[in-house]
Amino acid sequence: MKVACIGECMVELSERPDGSLARGFGGDTLNTALYLARLGVAVDYVTALGDDVWSAEMTAAWAREGIGLDRVRRLPGRMPGLYIIRTDEAGERSFHYWRDRAAARDLFAEPGAAGTRAALAAYDLVYLSGISLSLYGEAGRAALSETLAALRARGGRVAFDTNYRPRGWPDRDVAQAAFRTALAQADLIFASAEDLDWLFGAAGEDAVLRHRGRAEIVLKASGGPEPVARVLHGGSDVAVPAGPVARVIDTTAAGDSFAAGYLAARIAGLAPEAAAARAHRLAGAVIGHRGAVIPRDAMPALDRAFSGAGA
Ligand code: ADP
């Protein structure tokens, strides 16, 4: 089983109260790739970077996590995108981006794009998010969609996570059209009720549930007393609650790790409902720590055994 995650990882700068900056790296599908690798899944990250020192440090960090680099394109003279996280006096965080010229946006337009597309079409499972879609522009998205069609024609499967960030899109109509295309091509859909509401308004749930029966759907709602994942597959429709989390420290990468936990469990042969329970457990551990990437020894014990006995 060979898995690819498509997207963008950026340089992350966190501003401290005195104005100094701490550097990290961040990106939604990269987080999912990282947790998949930790769970024993063979996964490649599919993106473009520059030939600068930060791009080199990123790929070195990914390699240390066991993420495959064969599909990382390094574009001469280019750079990764960058964002600053600023925290106000009330502890509220805001994100500020410099990403319009990021190398990742040219993944389907740079000279090696044909090779990337041919390689992508050969994976067993490709995972991407709404943020991935926002990177490529109309022509890039058309190339991506053709590639996913070729993959599916060969029997490969597509997993799509709705992650909608309005500022990544020229307007809501463009985003809606791109999401509808991706949802129609997805065999497995991770959707958060919040994303669907922002993007489609009252028609949000229907935009996803119209694919029930054809696609496996995990609809996440966090409005109630505890988050619930509604899992629909075949004729079945079951709500799987998250269960209590001792302390929520930082919800960064909650959804990204949820997707990784779910996919790893499904790959290991668990049923969808059991996979959702595992996904909640991993996400629950991730939100108990600061930042997107938790220490290795904080990974839930059973999740580490996914690739073994399927326990
Ligand atoms: P995102 O906003 O990153 O997409 P979600 O809100 O969909 O994340 O949450 C993903 C998962 O993270 C949930 O299904 C749940 O497992 C876990 N989670 C998030 N917030 C909480 C919380 N307050 N209590 C328990 N689990 C949570």
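A polar side-chain atom of His 280 lies 2.7 Å from an oxygen atom of the ligand; a polar contact is a pair of N or O atoms within 3.5 Å, and within protein one must be able to donate a hydrogen and the other to accept it, while residues adjacent in sequence count only if both atoms are side-chain atoms. The model is predicted, so local features need pLDDT of at least 70 and side-chain atom pairs count only at pLDDT 80 or more, whereas totals for chains, interfaces and linings use all residues. Residues are numbered from 1 along each chain as its sequence is written, and side-chain values use heavy atoms, with hydrogens and water left out.

**Ligand site**

- An oxygen atom of the ligand is also 3.4 Å from a polar side-chain atom of Lys 220.
- Gly 255 takes part through its backbone, with a polar atom 2.9 Å from an oxygen atom of the ligand.
- The residues around the ligand include Pro 227, Val 245, Val 248, Ala 254 and Phe 258; a residue is near a molecule or strand if one of its heavy atoms lies within 4 Å of it.
- Ala 283 and Ile 287 are also among the residues around the ligand.

- Four strands form an open sheet in the order 3-2-6-7, with mixed pairing; strands (E, at least two residues) and helices (H or I, at least four) are DSSP runs numbered from the N terminus.
- Strand 3 (21–26) and strand 7 (93–98) are the edge strands, each pairing on one side only; two strands pair if DSSP finds at least two bridges between them.
- From one strand to the next, the twist averages 25°; axes are lines fitted to C-alpha atoms, for helices over the stretch in contact, and angles run from 0 to 180 degrees between N-to-C directions.
- Strand 2 and strand 3 run antiparallel and are joined by six bridges, and Glu 12 has Gly 24 in strand 3 as its bridge partner.
- The hairpin of strand 2 and strand 3 has five residues between the strands, and there Gly 19 takes a positive phi near 90°.
- Strand 6 (residues 82–87) is joined to strand 7 by six bridges, and the two run antiparallel.
- Tyr 83 stands opposite Tyr 97 in strand 7.
- Helix 2 packs on the sheet and touches strand 2 (10–15) and strand 3, its direction making about 60° with that of strand 3; contact means heavy atoms within 4.5 Å.

**Aromatic pairs**

- The count comes to 10 aromatic pairs; rings of Phe, Tyr and Trp (its six-membered ring) pair if their centres lie within 6.5 Å, and planes under 30 degrees apart count as stacked, over 60 as edge-to-face and the rest as tilted.
- Tyr 45 and Trp 62 are edge-to-face because their planes stand at 80°, with ring centres 5.2 Å apart.
- Tyr 45 is in strand 4 (residues 43–49) and Trp 62 in helix 2 (residues 53–64), so this pair ties together parts 17 residues apart in sequence.
- Phe 190 and Tyr 262 form an edge-to-face pair, 5.4 Å centre to centre with 90° between the planes.
- Phe 190 in strand 10 (residues 188–192) and Tyr 262 in helix 9 (residues 254–267) are 72 residues apart, and the pair links these distant parts of the chain.
- Tyr 127, Phe 190, Phe 258 and Tyr 262 form one aromatic cluster.

**Thr 32**

- Thr 32 is found in helix 1 (residues 28–38).
- Thr 32 counts as buried because its relative accessibility is 0%; buried means under 20% relative accessible area, exposed over 50% and partly exposed in between, with a 1.4 Å probe and protein chains only.
- Leaving aside neighbours within four places in sequence, Thr 32 is in contact with Tyr 127, Asp 256, Ala 259 and Ala 260.
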